[in-house]
Amino acid sequence: MARTTDTREDLLDAGLAGFTERGFEATSIRDLAAAVGIKESSVYNHFESKQALWDAVLDRASSAFDKAAQELDVNVLDPVGAAADYQALDATYLADLTEKLFDFYLHDPATRALRRLVSLEQFRDPRAADLLSRRFVLAPLSYLETLFIRMFGVSTEEAEHLALAFWGPVHLLQTLAARDEPRARVALRKHALAFVAHISGGSAAEA
């Protein structure tokens, strides 16, 4: 790996690479020291334990995700603020919006790194499980609930049901995209158009 003049940052980079590729248990302090080019004992000048290094890696990855989300023109972490800017809330708009979110969750480097980290370690570290739930399930659901209240004029309870019905297939299609992204993208757009048509009482072709 490329080294900088900041050994702590180099260790965080090595930790991110090791933890996302092999997981926490299979990544040793010796591995991380070798990746940075320092003695194993020198790692403890920067982190008191491998768990402390993991915590710092997770903190940095979470912050990077939040920054990437805020810079996206569709900020999934700010549903109220984002929804206030929307003008044309129709089927085509929802399909385009969903594709942007799909790209963000699939291809943004910070998002991929955080998702890999928390997915691998969710059963070992409760904080990882919490981040996986909040950032990749609850945040998009909250975002969609706010959007659907405005789109369809439904109650909060109805919007919660609609968000679950809409995001469930999108979440599954992210898994399909890892093997066949073109197929997943076709299904994604059809899902968005058909969803709005169903709620509005029309047809996907009319949307």
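**Ground rules.** I worked from a predicted model, where local features need pLDDT of at least 70, side-chain atom pairs count only at pLDDT 80 or more, and totals for chains, interfaces and linings use all residues. Residues are numbered from 1 along each chain as its sequence is written, and side-chain values use heavy atoms, with hydrogens and water left out.

**Entry 1: D125.** I found D125 in the loop between α6 (109-121) and α7 (126-152); helices here are DSSP runs of H or I, at least four residues, numbered from the N terminus. I then looked for a charge partner: D125 is buried but has no salt bridge. Buried means under 20% relative accessible area with a 1.4 Å probe, protein chains only, and a salt bridge needs a side-chain nitrogen of Lys or Arg within 4 Å of a carboxyl oxygen of Asp or Glu. The nearest side chain of opposite charge is R124, 4.1 Å away. At the start of α7, a side-chain oxygen of D125 comes to within 2.8 Å of the backbone nitrogen of R127. Beyond neighbours within four places in sequence, D125 is in contact (heavy atoms within 4.5 Å) with Q51, W54 and D55.

**Entry 2: along α7.** I checked for a kink and found a bend of about 35° at L138, with a proline, P140, following within four residues. The bend is the angle between axes fitted to the seven residues ending there and the seven starting there.

Entry 3: From M151 to S200 I read 10.0 Å, C-alpha to C-alpha, across 49 residues in sequence. Just after α7, G153 takes a positive phi of about 65°.

Methods: Helices (H or I, at least four residues) and strands (E, at least two) are DSSP runs, numbered from the N terminus. Buried means under 20% relative accessible area, exposed over 50%, partly exposed in between (1.4 Å probe, protein chains only). Lys and Arg count as positive and Asp and Glu as negative; His and the chain ends are not counted. A polar contact is a pair of N or O atoms within 3.5 Å; within protein, one must be able to donate a hydrogen and the other to accept it, and residues adjacent in sequence count only if both atoms are side-chain atoms.
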